[in-house]
Amino acid sequence: MGGRSLTALPIAGSIIMTNLSTEQIVGQNGQSYVAGMEVMAWEVTSAIAIVMLASVFLPKYLKYGINTVSDFIEIRYDTQIKRIISALFIITYITSFLPVVLYSGSLVFNKIFRIDELLGIRPITSIIVVSLAIGVIGILYLLIGGLRLSAYSDTVYGFGLLACGLLIPTIGVTMLGDGSFIAGIDHIVDNTPWLLNSVGSIDSAIVPWPTLLTGMMFNNLYFWCTNQMIVQKALAGKNLAEAQKGVFIVGFFKVFGALFLVFPGIVARNIFGDALMGMPDEAYPTLVTHVLPEMIYGVFAAVIFGAILSSFSGALNATSTLLSLDFYKPVFNKQATDHDITRFGKRITVAIGLLSIFISPLISFAPAGLYQFVQEFNGLYNMPLLVIILLAFYSKKATAFAAKVTIYLHIILYALSKVVLKDVHFLYVLSVLFFLDMLVMFVVSKLKPDGDFELKVFNTKVDITPWKHTKLVSVITVLVVILTYLMFSPVGIAR
């Protein structure tokens, strides 16, 4: 938990860099190369969920002094539900997130900097080399300095990523304008106005507009408010006020992050035309090599390496935390001291890190479309987890039995949807399943009641006085999101 000593800036930097990965940078710009600014929904609408994290979820989490999200679930429901949720988190991190971050990051790193040509080796060999380097350094990060060192280094990487990330579209737009940035913007507005529209069609393969306030919002609430990998960084704050300030910084970053996570794809479309339409993921690497001065390639390489490293070490830290606190101490060594837990945490960090390094190159042999499945893997449990936590806050009658039924039923229905409704966008599926999960929780709790429950356990470990500007900044953040959507719409510049 970083000694619960982090201030706003390290918290923000750590969350941002854990969230960002090269696959996200390349993948979203690849999507925007084809579909335009509608891709920004994944970034911009996250700010509203982050407001909820700062104003609703964090105060309640810190009020009970929890170390993990599953701790809170145990307080409200029971130990079995806690371990089910922890196990789902751990399985997701080990089987999908960690290996994919290493593989996709190494793939992109090699694509941009041509490590295979530099060393005279095959592309798959260079991917193994880069994966090994990232994995070993990521493990050492956590062994030497833990979450605190990772958080402070992530802040440095964050500034570097922001600077380099904004530099690439800026140079690209200036090239389009023959040396004038304003003329370049005019070129994009005049020649590709449809790409500046953030409102996707009802049958969009990226983000259908009806899902913005339903499936997309529910997915964001899960990821930003209940995902251990993200929430842990805020829980490491020295007090509630610092945690809230750090989270709000992340919110504003997510809105403006679209300028280097989405907009460069549109710049690439204007520079290269339709030449990359058959391989849109090449858009960002090609743009980088086309516009970036060679003198700062090294800086950009370091920043990209840091982005991969941060996502890897962040997920690795969350996994070892869950295994140490939710399984090792309560199940395998009930008399474990803090020293014993820390020692186990370090050992399991090494074991999981090495396992991820071993698995990551094997992803190259997976069938086409597997990565898309991995992206949607969280749908197996994200909606019931969100429902369970919301009702833990606001319902006295929700029961542990109802929570278990909801989780199992959701997993079955979501798995069936991948077969029966495979042509339906998964955000539409999540839109329906969220309300169905809520209904199941209410009905089962009513049919098999367990008395009223009130959260009365207080174990506050830090000062939980809220930041005095929380409400004001929340309103400003939501307004910025709305204005951003208005700007990138037919009402604004997408005419």
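Predicted model: local features only at pLDDT ≥ 70, side-chain atom pairs only at ≥ 80, totals over all residues.
View 1. Asn19 counts as buried because its relative accessibility is 13%, and the cut-off for buried is under 20%. Look for Lys254 here: its side chain and that of Asn19 are joined by a polar contact of 2.6 Å. Leaving aside residues up to four places away in sequence, Asn19 touches Gln24, Phe223, Trp224, Ile230, Lys254 and Ser311.

**View 2. The largest nonpolar core.** This core has 153 residues, and the members that touch the most others are Phe57, Tyr61, Tyr77 and Phe300. Residues from domain 1 (8-372) and from domain 2 (380-451) both contribute, so the core lies between the two domains. Not counting residues up to four places away in sequence, the contacts of Tyr61 include Ile66, Val69 and Phe72. Tyr61 also touches Cys225, Thr226, Val231 and Leu235, along with Ile389 and Phe393.

**View 3. Asp178 in a loop between two helices.** Here we visit the loop between α9 (146-176) and α10 (181-191), where Asp178 is found. Most residues other than glycine have a negative phi. Asp178 is not a glycine, yet its phi is positive, at about 55°. Is Asp178 buried or exposed? With a relative accessible area of 74%, Asp178 is exposed, since exposed means over 50%.

Conventions:
Residues numbered from 1 in each chain as written. Heavy atoms only, no water. Buried < 20%, exposed > 50% of the residue type's maximum accessible area, 1.4 Å probe, protein only. Polar contact = N/O pair within 3.5 Å; in protein donor to acceptor, adjacent residues only side chain to side chain. Contact = heavy atoms within 4.5 Å. Core = buried A, V, L, I, M, F, W, Y, C linked by side-chain atoms within 4.5 Å. Domains from an automatic or database assignment. Helix = DSSP H or I, 4+ residues; strand = E, 2+ residues; numbered from the N terminus.
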